[in-house]
Amino acid sequence: MGIDILKPEWGAMRPIRGILFDMDGLVLDSEKLYTRFWMEAIHYYGFTITLEQALGLRSLGKGPGQAHLTACCGEGIDYTTVRSKRIELMGAYVAQHGIAPKPGIYELMDYLQANNIPAAITSSSPMDSIIRHLTNADLAHRFQKLCSGHEVPNGKPAPDIYLHGAAQLGL
């Protein structure tokens, strides 16, 4: 059983058979942290970046991330080095403060459970981070599948993680 939705272009009601969630910024209020610590890491290495440019780093893998950093900061910036510093800085902050869940996520998960609608996380984050952050927010058990972008050939913005998540839910 599931809820029905109607979209005029579909021409008929179709049940929702599953939901795919990105973790950062949708389930957990982490986007502001990623942006903050990307900016701090970039500044640590002597480069400057605007808030809007830092927001453009969201969910990018190594290749697209390096291209974005080079376009924003110029030659000489190394994505892997800056990313490692961002992980270090953010990790220290999260260990002390945690990551708050987004408002309404518990109620939404209750609704999906009550309506037998399975849900999967489809995140670019490594699996150990997904498990740790969702467990700390008491949410890991609420998802039928947890999927990491490290499990697929191409990271975001390619659709691989979403196709993988859908397949994991049998969709």
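Predicted model: local features only at pLDDT ≥ 70, side-chain atom pairs only at ≥ 80, totals over all residues.
Since F37 belongs to helix α1 and Y93 to helix α4 (residues 79-97), I noted that the pair ties together parts that are 56 residues apart in sequence. F37 is buried at a relative accessible area of 3%, whereas Y93, at 24%, is partly exposed.

I then turned to Y44 and Y45, an edge-to-face pair with 4.9 Å from centre to centre and 85° between the planes. Y44 is exposed, with a relative accessible area of 54%, while Y45 is partly exposed at 34%. Over the ring of Y44 I also found the charged end of K85, 4.0 Å from the ring centre.

Next I looked up W38, which is placed in helix α1 (residues 31-44) and counts as buried at 6% relative accessibility, the cut-off being under 20%. Beyond its neighbours within four places in sequence, I listed L57, Y79, V82, R83 and R86 as contacts of W38. The C-alpha atom of W38 is 6.6 Å from that of A54, although the two residues are 16 apart along the chain.

Last I checked helix α5 (residues 105-114), where I105, M109 and L112 are the buried residues. They cover an arc of only 60° around the axis, and therefore lie on the same side of α5. I found the exposed residues E107 and A114 on the face turned away from that buried side, and β3 (19-21) and β4 (119-123) among what covers the buried residues. Just after α5, I noted a positive phi of about 55° at N116.

Conventions. Residues numbered from 1 in each chain as written. Heavy atoms only, no water. Helix = DSSP H or I, 4+ residues; strand = E, 2+ residues; numbered from the N terminus. Buried < 20%, exposed > 50% of the residue type's maximum accessible area, 1.4 Å probe, protein only. Contact = heavy atoms within 4.5 Å. Arc of directions from axis to C-beta. Phe/Tyr/Trp six-rings, centres within 6.5 Å; stacked < 30°, edge-to-face > 60°. Lys NZ or Arg CZ within 6 Å of the ring centre and 35° of its normal.
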